[in-house]
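Please view the sequence and the structure below before reading on.

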Amino acid sequence: MDNFTQTWSPRLLSVLRIVTALMFLQHGTAKFFGFPHVVAFDNLQFMSLLGAAGVLEIGGGLLLLIGLFTRPVAFILSGFTAVAYFMAHAPQGFYPLLNQGELAVLYCFVFLYLSVAGGGAWSADAARGG
């Protein structure tokens with residue numbers, strides 16, 4: 001079993017990073033490209049708080065997707081999603097399930113984990129020896 005986990009742990013870390021990046025990218029593409037369409041993002045101003053969030057979501061999501069600069073990007077995104085939680089969700093109530101903030105909390109801690117664990121075996125960081 002030890003050989004199995006040593007082989008597959010770095011690979012599954014990459015799968016976690018890739019899937020998380022793809023899910024996170026949707027937030028940015030919804031804001032800037034209207035796909036998938038979210039009514040709340042219609043007429044979004046680029047130079048606004050949501051516009052800045054979209055830049056982080058697209059830029060950070062793409063870097064995480066390919067696994068380039070995974071640790072610093074994930075650390076920044078962890079802080080970004082923590083701030084997003086406390087600005088957008090926490091004022092609506094204490095419990096994340098009730099304030100619709102559970103996804104922000106989950107992203108925050110997955111990104112925090114990736115900032116320590118790295119991008120895994122299938123990443124640009126691993127390919128360049130980082």
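Which residues of α1 are buried? The buried residues of α1 are Leu13, Ser14, Arg17, Thr20, Ala21, Phe24, Leu25, Gly28, Ala30 and Lys31, where buried means under 20% relative accessible area, exposed over 50%, and partly exposed in between (1.4 Å probe, protein chains only). The model is predicted, so local features need pLDDT of at least 70 and side-chain atom pairs count only at pLDDT 80 or more, while totals for chains, interfaces and linings use all residues. Residues are numbered from 1 along each chain as its sequence is written, and side-chain values use heavy atoms, with hydrogens and water left out.

**Geometry of helix α1**

- Helices (H or I, at least four residues) and strands (E, at least two) are DSSP runs numbered from the N terminus.
- Helix α1 covers residues 2-32, and its 31 residues should span 45 Å at 1.5 Å a residue, which agrees with the 45 Å between its end C-alpha atoms; the expected span is 1.5 Å times one less than the number of residues.
- At Trp8, shortly before the proline Pro10, α1 has a kink of about 35 degrees, the bend being the angle between axes fitted to the seven residues ending at a residue and the seven starting there.

**Packing of α1**

- The buried residues of α1 pack against α2 (49-66), α3 (70-89) and α4 (102-117).
- Thr20 lies in helix α1 and is buried, with a relative accessible area of 9%.
- With neighbours within four places in sequence left aside, Thr20 is in contact with Tyr107, Val110 and Phe111; contact means heavy atoms within 4.5 Å.
- Thr20 and Leu65 are 45 residues apart in sequence, and their C-alpha atoms are 8.2 Å apart in space.

**Salt bridges**

- The count comes to two salt bridges, each defined as a side-chain nitrogen of Lys or Arg within 4 Å of a carboxyl oxygen of Asp or Glu.
- Asp125 forms a salt bridge with Arg128, the closest N and O atoms lying 3.3 Å apart; Asp125 is buried, with a relative accessible area of 9%.
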